[in-house]
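Subject: Handing over a two-chain model

Dear colleague,

I am passing this structure on to you, and below it I have written down what was found. Please look through the structure first and then read the notes beside it.

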Amino acid sequence: MELNIKHKGIIVQNHYPLWKNILIIFIMIVGSIYALPNLFPEKPSLQVAGSRGREIELDVYNQIRQIVSNQGIQVNRAVFKDGKVNLVFESEADQQKAAAALDTDLGNTYTTALSYTPATPSWLTSIGAQPMKLGLDLRGGVRFLMDVDIKTLFDRSYDSLQRFIRDQARQNGINLVSTNYDSKTQTIQIVADSSNDASRLTSYLHQNMPDVQTSIQGPNVTITYTKAKYDQTVNYAIDQSLGILRNRVTEIGVAEPVIQRQGDTNIIVELPGIHDVTRAKEIIGATATLSFNMVNTNITQQQIDANLIPADTVVIANAQGQRTAVFKREIISGTHIIDASAGRGENGGAQVNIRLNSEGAKLISDATKSAIGRPMATVYSEYKDTGRKNEEGKPILRKIDEIANVATIQARLGSSFVITGLSSMAEANNLALILRSGALVAPIQIISEKVIGPSLGAENIKQGLIASVSALALTILLMLVVYRFFGFVAGFVLLFNILLLVAALSILPGTTLTMPGIAGIVLTIGMSVDANVLIYSRIVDELRVGRSPQAALSEGYNGAWTSIFDSNLTSILTGVILFIFGTGPIKGFAITLCLGVIISMFTAIVASKMIFNFVYGSRKVTKLHL
Amino acid sequence: MSDESKLKEIYKRGVDTPYPNRFSKKAYVLDGGIVLARPITHFMKYRKWMYIFSGILLLLSCIAMAVRGLNLGLDYTGGTVMEVQYSHAVQAPEIGEYLSKSYPGVEVTSASARETTIRIPAKLVTNKTSQDIQKLLQDGIDPEAHVTSAEFVGPKAGADLVYAATMALICTIVMLLIYISIRFQWRLSLGAIASLIHDVIIVLGVFALFQIDVDLNFVAAILSVIGYSINDTIVVFDRMRENIRKLHRVSVEECINISLTETLNRTIMTSLTTLVTVVILLFFGGSSLYIFSLCLTIGIIIGTYSSIFIAVACSFDVGLTKEDMLIRQVNKDGLEEYER
């Protein structure tokens with residue numbers, strides 16, 4: 001787009017209106033400001049918070065400060081805000097020492113998380129500037145890829161469904177020869193007494209169970225879940241797994257963890273800055289178990305307080321601290337639970353419906369023959385790291401029990417039963433949630449793990465910096481040699497290209513810098529100069545034909561535009577495909593590449609033109625310094 | 001529409017212009033107003049040799065892949081890879097022998113004098129493998145041996161990656177096919193894709209020949225090579241399109257020769273600038289980016305070659321004509337017109 005502006009009667013080429021020049025300079029300045037935080041390195045820090053969301057009081061804050069200074073550790077900065085305490089240290093050694101001291105002295109009610117706090121000055125943070133988040137391979141830490149075992153989930157679910165259908169058929173007078181769950185095909189195969197029975201079964205199912213679909217062949221009926229129900233179950237299992245993992249990661253004590261769904265059945269857990277990977281693995285993979293134990297109603301409260309309890313009983317407290325005596329032997333455990341949902345009973349009271357698998361159904365049927373109307377406790381157990389190690393150096397885990405709920409066993413129907421005695425629907429919902437989460441509906445397994453030691457992380461950063469700076473220097477040198485002054489301009493705008501790229505990566509949410517990301521930055525250096533090369537080649541062509549310098553300059557930019565647009569667009573599209581199919585670090589590379597190319601279209605074309613306009617524009621020029 | 005006259009290659013040096021500069025003085029001027037930086041190089045005449053050369057390279061690559069196979073890295077086969085650092089220089093074969101007593105099938109290579117990379121196939125791996133190996137090494141080789149990084153990939157994760165990588169590759173090629181067909185012409189897109197596939201096969205061949213690890217970054221690198229090679233090709237196509245509109249009395253073959261001659265400088269220069277940065281990554285990028293940078297280096301060199309010699313030649317040989325490069329318009333009378 002040639003601007004032929006008449007200025008003082010002369011046709012002026014190579015001129016940008018004032019607003020355009022100001023806008024360009026403004027963008028450069030803003031970009032530089034937002035890139036600044038990256039000059040301030042991060043410092044190791046500790047975040048102390050109350051467990052389960054409790055807030056920290058001022059006296060606890062003072063206690064924390066006291067504990068740390070007793071150890072002789074100097075604190076760079078201490079911030080008490082929003083019920084959380086953030087302590088910044090000079091070195092990782094200090095951070096570790098303080099963490100150990102706080103862990104022992106503060107006890108279970110508080111969690112300390114290892115983290116890094118950027119040392120950005122406050123005037124920058126107030127405008128939302130922050131340094132780039134560093135990925136795992138630059139900071140050190142561990143990355144788990146976890147698989148949610150959908151197959152086992154459905155195996156359990158179908159198994160219970162199969163029993164349920166059989167019971168329902170019997171109750172409705174439909175005669176079945178056999179019901180069987182085929183785990184290979186994940187279908188329920190039913191052979192009915194006759195074709196008549198088979199069609200009665202299918203119509204019954206159609207009416208009462210919209211979640212299943214049937215296919216019928218003579219007396220044989222095949223039953224599966226509908227696709228909608230299947231998808232819903234999978235999504236539900238993943239969401240639940242995400243929730244469980246989040247809770248566990250909070251227990252480990254890592255700030256800025258990444259827990260994300262990947263693909264259909266996988267979850268990524270990234271724990272940056274973590275030092276004890278074994279502990280992390282144990283906690284993430286640890287089982288939280290659930291069990292149902294009958295309450296020992298023969299024990300009085302005084303006996304509990306005085307600790308006079310018989311050998312077959314154990315005293316467990318609930319979240320509020322109330323202690324109850326329950327029999328040690330559990331009736332059923334959480335793994336027997338398929339599903340739990342809250343609802344209203346016949347008399348309008350809140351209750352929880354629990355569905356069990358075949359094994360659980362048998363167990364509860366045996367136990368509840370005599371137990372209907374008696375109180376039963378739901379016990380939630382977790383394995384926590386005490387921080388101490390046994391003689392093999394393995395961490396000693398402590399089993400912590402908590403009573404989630406004491407309720408009365410009511411009716412029992414086949415493979416499901418109901419507990420009542422809940423004070424409100426809220427409590428019923430809460431209990432159903434705990435039952436479902438404790439049951440761990442689908443097992444989660446670690447299928448891949450990547451550990452980066454922190455020293456390797458620092459090494460990688462150093463390498464990355466050396467690579468970027470050398471690439472920058474060599475490219476600018478090359479341009480200078482071939483294109484002289486124009487090459488100098490290309491180098492100059494290249495620097496701004498990198499600056500704006502760094503700024504963009506810093507403020508865009510969700511972007512982290514990884515080694516492939518650094519590769520992307522270095523690649524951008526090479527590719528953004530391409531635009532300049534195309535433009536300058538064009539200008540040389542025009543000069544060769546004999547155009548005037550002004551016209552050559554202007555034509556060069558115009559003519560090169562289509563080439564630049566086409567080639568950059570294909571690069572961006574390739575980057576997008578890479579982003580869609582790539583995982584983790586590759587995504588970082590794709591983002592850096594795409595951003596770099598887009599920004600380079602701005603700096604290499606518009607910014608360099610502005611400079612040339614300033615040097616050559618609206619004057620009589622005899623030669624271009626090319 | 002076109003008089004396919006043979007271009008008389010008589011050059012006049014220097015352009016007559018009121019604005020002489022160092023380029024116009026050294027220019028080669030042809031009858032018909034074509035101005036070049038150098039005499040026309042008859043690329044199309046030599047294309048047979050180019051095909052033979054590329055054919056040999058392709059054949060060698062296929063043989064290498066068939067015979068030696070691609071060394072699929074950990075990401076695809078599953079297993080554990082760990083880097084161990086020692087306090088003194090060690091020999092990889094020694095360590096390999098020592099470890100293979102407990103872990104048959106282990107592979108140990110030297111990353112540097114005091115570092116080794118240890119690979120353990122998936123079926124031998126347990127949750128504690130990295131600690132176990134560290135302890136073994138500390139007991140038997142060097143009490144200060146420690147694991148600096150460890151990565152474990154289960155076989156399922158590997159299979160997913162292969163799928164994603166293949167899909168990404170296919171998507172990219174399809175996308176480019178469509179894009180170039182729209183922006184230019186389908187014959188050109190065929191030529192472009194041919195040169196791309198040529199590049200990918202040769203790069204794979206080199207990796208197979210030298211048994212270099214193919215990992216996750218490799219796929220990103222291949223895609224980058226594709227994206228990059230296309231850039232070169234587009235620059236040439238763009239110039240061709242422009243020239244065909246400008247030069248009326250010139251045959252397609254001459255037009256192609258002229259376009260290639262004209263774009264030679266810029267193609268080499270853009271490849272050079274990117275090559276410089278990639279080679280720096282190769283040397284300074286650290287071991288994690290080595291495969292990526294190597295793939296890019298080879299890819300850019302081969303890609304430049306194929307953009308110049310293969311892409312256009314293929315398009316020409318599937319019957320590229322001048323009409324193809326012009327935009328067809330159907331005017332109100334239903335008659336076809338060519339936009340010039």
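Predicted model: local features only at pLDDT ≥ 70, side-chain atom pairs only at ≥ 80, totals over all residues.

Residues are numbered from 1 along each chain as its sequence is written, chains are lettered from A and ligands numbered from 1 in the order in which they are written, and side-chain values use heavy atoms, with hydrogens and water left out.

The contact (heavy atoms within 4.5 Å) takes 66 residues from chain A and 67 residues from chain B. The area buried between the two chains, meaning the accessible area (1.4 Å probe) that two parts lose on being put together, summed over both, is about 5,700 Å², and carbon and sulfur atoms give 65% of this. In chain A, the residues that lose the most area to chain B are A:R544, A:D566 and A:F581, which together make up 12% of what that side buries.

Across the interface the rule finds four salt bridges, each being a side-chain nitrogen of Lys or Arg within 4 Å of a carboxyl oxygen of Asp or Glu. One of them joins B:E242 to A:R538, with the closest N and O atoms 3.0 Å apart.

Several elements give two or more residues to the side of chain A that touches chain B, including β24 (444-452), α13 (454-507) and α14 (515-545) of chain A; helices (H or I, at least four residues) and strands (E, at least two) are DSSP runs, numbered from the N terminus. On that side α14(A) gives the most, with 19 residues.

The chains also meet through strands, which count as paired if DSSP finds at least two bridges between them. Here β24(A) and strand β8 (residues 146-153) of chain B run antiparallel and are joined by five bridges, and A:K450 stands opposite B:E151 in β8(B).

Chain B has an open sheet of three strands in the order β1-β2-β3, with antiparallel pairing, whose edge strands are β1 (12-13) and β3 (35-36). Two bridges join strand β2 (residues 28-29) to β3(B), and B:Y28 stands opposite B:L36.

With best wishes
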